[in-house]
Amino acid sequence: MDVIFIDGFRGNTVIGICDNELHEPQPIRIDLAAGVPRALACSTDRIGDTIDYGEVRAALRELLQTHRFQLLEAFAEAVSNLLLTRFGAHWLRVAVTKPGKFDDVDGVGVVIERTRAVPDHLPRRTAEVLHLLGTGLVPHPRTD
């Protein structure tokens, strides 16, 4: 599994459940790691064969401007869906942090992990192999 990551993406957005969070944008930090079974770009050296960090960054900026979530969990799920569907990640870890939310902590937040669902129409063995690849494991040959 190749893991492509963005560490320390910073932006401002309106998010929260407290009245003082719902009127002005506040800073958040996003760290993400997106796994692909094997990046074709390792062989081709072409940006079109991998996840483009610049496109992910632009999509995150757009999401910060357009979302209407109150909870970091829901926002992190939207980031996850974006990477799994639009950018083709097979596995994803997203951390969303509100730095300085409280005076006595550096930040509060959530970390989620998601794996791309295996379509129901695939044969059982194919689904098993895709699941193993998504978790970074290599399947052993069948003996039956």
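Me: Why is Y53 called partly exposed?
Reply: Buried means under 20% relative accessible area, exposed means over 50%, and partly exposed is in between (1.4 Å probe, protein chains only). Y53 has a relative accessible area of 48%, so Y53 is partly exposed. This is a predicted model, where local features need pLDDT of at least 70, side-chain atom pairs count only at pLDDT 80 or more, and totals for chains, interfaces and linings use all residues. Residues are numbered from 1 along each chain as its sequence is written, and side-chain values use heavy atoms, without hydrogens and water.

Me: What makes I4, F5 and I6 contacts of Y53?
Reply: Contact means heavy atoms within 4.5 Å. Leaving aside neighbours within four places in sequence, Y53 meets that with I4, F5 and I6. Y53 and F5 are 48 residues apart along the chain, yet their C-alpha atoms are separated by 8.0 Å.

Me: Which residues line the largest cavity?
Reply: A cavity is a set of points, on a 1 Å grid over the protein atoms alone, where a 1.4 Å probe fits but cannot get out; lining residues have an atom within 4 Å of a point. Here the lining is I4, F5, I6, L32, A34, I51, Y53, V56 and L83.

Me: What makes this lining nonpolar?
Reply: Ala, Val, Leu, Ile, Met, Phe, Trp, Tyr, Cys and Pro count as nonpolar, Asp, Glu, Lys and Arg as charged, and the others, Gly among them, as polar. The lining divides into 9 nonpolar residues, no polar and no charged.

Methods
1 Å grid on protein atoms, 1.4 Å probe; cavity = no way out; pocket = protein on both sides within 12 Å on 5 of 7 lines; lining within 4 Å.
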